[in-house]
Amino acid sequence: MKISILDDYFDTLRTLRCFQKLAGHEVTVWNDHVQDVDALARRLAETEVLVLIRERTQIREALLERLPRLRLISQRSVYPHIDIEACTRLGIIVSSSQHPGTPSYAAAELTWGLVLAAMREIPQQMASLQKGNWQIGVGHTLRGKTLGIFGYGRIGAVVAGYGRAFGMDVLVWAREKARAQAAADGYAVAPSKEAFFEQCDVLSLHMRLVPATRGIVTASDLARMKPTSLLVNTSRAPLIEPGALVAALKQGRPGRAAVDVFEEEPLRDPAHPLLTMPDVVATPHIGYVTRDEYETQFSDIFDQIVDYANGKPSNIVNPEVLERARKRP
């Protein structure tokens, strides 16, 4: 089969052990990022299987209608970037492993790295040294402070454990079922969303982006935070009401932020407010970008392709497509 892989920025996938699962297929790997529909339609004209790296490229109806040979999209995790309805109508199977029980430790570790970097002002102190200066300020310790986990799923639970190891008081707010699980795991549960935002010294978001969670963090929520508090977002930028974080930081509540995600990605504007504010630590959506994590993720993604080639497609997001799925030549 003719397989195309988009957005492999550093040509990493060919070097993974799991890449051997695609042996015998014709694989084309694209290392740049293109969103223009005309350019993508030309690139993918002969593609039968499309491999996506998370949500780097939007796959919408206008593009899908111009890919008559495409039969399978294989990826991992959530899929707000894919027009599932159009895929189903056009007979394209979407396979996406939801990896139950396997949290992204890479994302959890980056979350904690951002917490430490922001609270101890590590990037700012490093920049001072590089300019020939010495210490520029006084940071904050974590022990004894309150770590808020908003969304107690697989990653949130891991980050909560890191907070406990650092001697923090962990406070959770999430859906009712997740709050019950957090309590069973020995963590405190906030009495309300309002109290949660008011009490946390470090507040970290750990939710999937679905219609119910889009904009779930509002301007009024942020206004309740302490002027000394830190908001961390390594999940998805649209969890926060558009523009609310920048406005809140300008008002001083919260006092600082650490983010790995943005409303528009890739972000290439050095003048973006979150890149120019002195109390913001920002990274370019690298939460899952480690060789170890890639090996885990793409083993699943390539297994889905092997399953399809063997006539047994797996992890099908749109099972109704099977009645009209495009046939292999």
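How many bridges join strand β6 to strand β9, and do the two run parallel or antiparallel?

Reply: Residues are numbered from 1 along each chain as its sequence is written, and side-chain values use heavy atoms, with hydrogens and water left out. The model is predicted: local features need pLDDT of at least 70 and side-chain atom pairs count only at pLDDT 80 or more, while totals for chains, interfaces and linings use all residues.

Strand β6 (residues 146–150) is joined to strand β9 (residues 202–205) by 4 bridges, and the two run parallel. Strands here are DSSP runs of E of at least two residues, helices are runs of H or I of at least four, and both are numbered from the N terminus; two strands pair if DSSP finds at least two bridges between them. Opposite Leu-147 stands Val-202 of β9, and opposite Ile-149 stands Ser-204.

Strand β6 also pairs with β7 (residues 169–173), in the parallel sense, over 5 bridges. There, Phe-150 has Trp-173 as its bridge partner. Between β6 and β7 the chain passes through helix α6 (residues 154–165), and this β-α-β crossover is right-handed (with the strands pointing away from the viewer, the path from the first strand over the helix to the second runs clockwise).

These pairings belong to an open sheet of 7 strands with parallel pairing, in the order β8-β7-β6-β9-β10-β11-β12. Its edge strands, β8 (188–189) and β12 (280–282), each pair on one side only.

In a regular strand the side chains alternate between the two faces of the sheet. From β6, Thr-146, Gly-148 and Phe-150 point one way, and Leu-147 and Ile-149 the other. Because 5 of the 5 residues of β6 are buried, the strand is largely enclosed by the rest of the structure (buried means under 20% relative accessible area, with a 1.4 Å probe and protein chains only).

Key
Buried < 20%, exposed > 50% of the residue type's maximum accessible area, 1.4 Å probe, protein only.
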